[in-house]
Amino acid sequence: MRGEIELTCNLHLDGEVNGQIQADHAIRIGRDGKIVGETKADSLVVAGKVDGIVEAKVVEIVEGGLIEGTVYCDELIIAKGGRFLGESKPLKEHASASNNIMQLKSDVKDNKELEKPSADPALASKA
């Protein structure tokens, strides 16, 4: 599956998703599950594979699980036989970066609105 998934419930994934998954509760990636992209959840348990950016309060990599990428979390648990290749950062660091990006996007949009040419030909010729 490709695209974005937004959930207000738990998710157990045994297939493959390329894109973004956001859940208000827990996500569990089964042994045959794979996510390539961005994953946001309250908690994440990985028995399969995640490749990308992870944001969750608690991230647990169980035996056979693999995360490659950047993990933003408050608690990272790696069980014997679990693998993590990448970097982990505090969850609050990602939240502040996301807020800065949203502010930059808003500023760019506001600037583009100011730069639009006037629809009134008389005003446009004076500019």
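Tutor: A disulfide is taken here as a pair of cysteine sulfur atoms within 2.5 Å, and the structure under discussion is a predicted model.

Student: With that cut-off, how many disulfides does a search of the whole structure find?

Tutor: A disulfide is a covalent bond between the sulfur atoms of two cysteines. Among the residues of interest here, Cys9 counts as partly exposed at 39% relative accessibility, whereas Cys73 counts as buried at 8%. When the whole structure is searched for disulfides, the number found is zero.

Student: Which secondary structure elements does the protein chain have, and in what order do they run from the N terminus?

Tutor: The secondary structure of the protein chain comes to two helices and eight strands. Read from the N terminus on, the elements run β-β-β-β-β-β-β-β-α-α.

Student: Where is Ile67 found, and is Ile67 buried or exposed?

Tutor: Ile67 is found in strand E7, which covers residues 66-78. Buried means under 20% relative accessible area. Because the relative accessible area of Ile67 is 0%, Ile67 is classed as buried.

Student: Which element gives the most residues to the largest nonpolar core?

Tutor: The largest nonpolar core has 20 residues, of which Ile29, Leu44, Val59 and Ile67 touch the most other members. Two or more residues each come from strand E1 (2-7), strand E3 (16-23), strand E4 (26-29), strand E5 (34-46), strand E6 (49-61) and E7. With five residues, the element that gives the most to this core is E6.

Student: What share of the residues of the protein chain count as buried, and what share of its accessible surface belongs to carbon and sulfur atoms?

Tutor: The protein chain has 127 residues, and those that count as buried make up 28%. The accessible surface of the protein chain comes to about 8,100 Å², and the share of that surface belonging to carbon and sulfur atoms is 51%.

Student: Among contacts in the protein chain between residues at least 6 apart in sequence, what share join residues at least 24 apart?

Tutor: For the protein chain, among contacts between residues at least 6 apart, the share joining residues at least 24 apart is 4%.

Key: Residues numbered from 1 in each chain as written. Predicted model: local features only at pLDDT ≥ 70, side-chain atom pairs only at ≥ 80, totals over all residues. Heavy atoms only, no water. Helix = DSSP H or I, 4+ residues; strand = E, 2+ residues; numbered from the N terminus. Buried < 20%, exposed > 50% of the residue type's maximum accessible area, 1.4 Å probe, protein only. Contact = heavy atoms within 4.5 Å. Areas by Shrake-Rupley, 256 points an atom, 1.4 Å probe, with all protein chains shown as cover. Core = buried A, V, L, I, M, F, W, Y, C linked by side-chain atoms within 4.5 Å.
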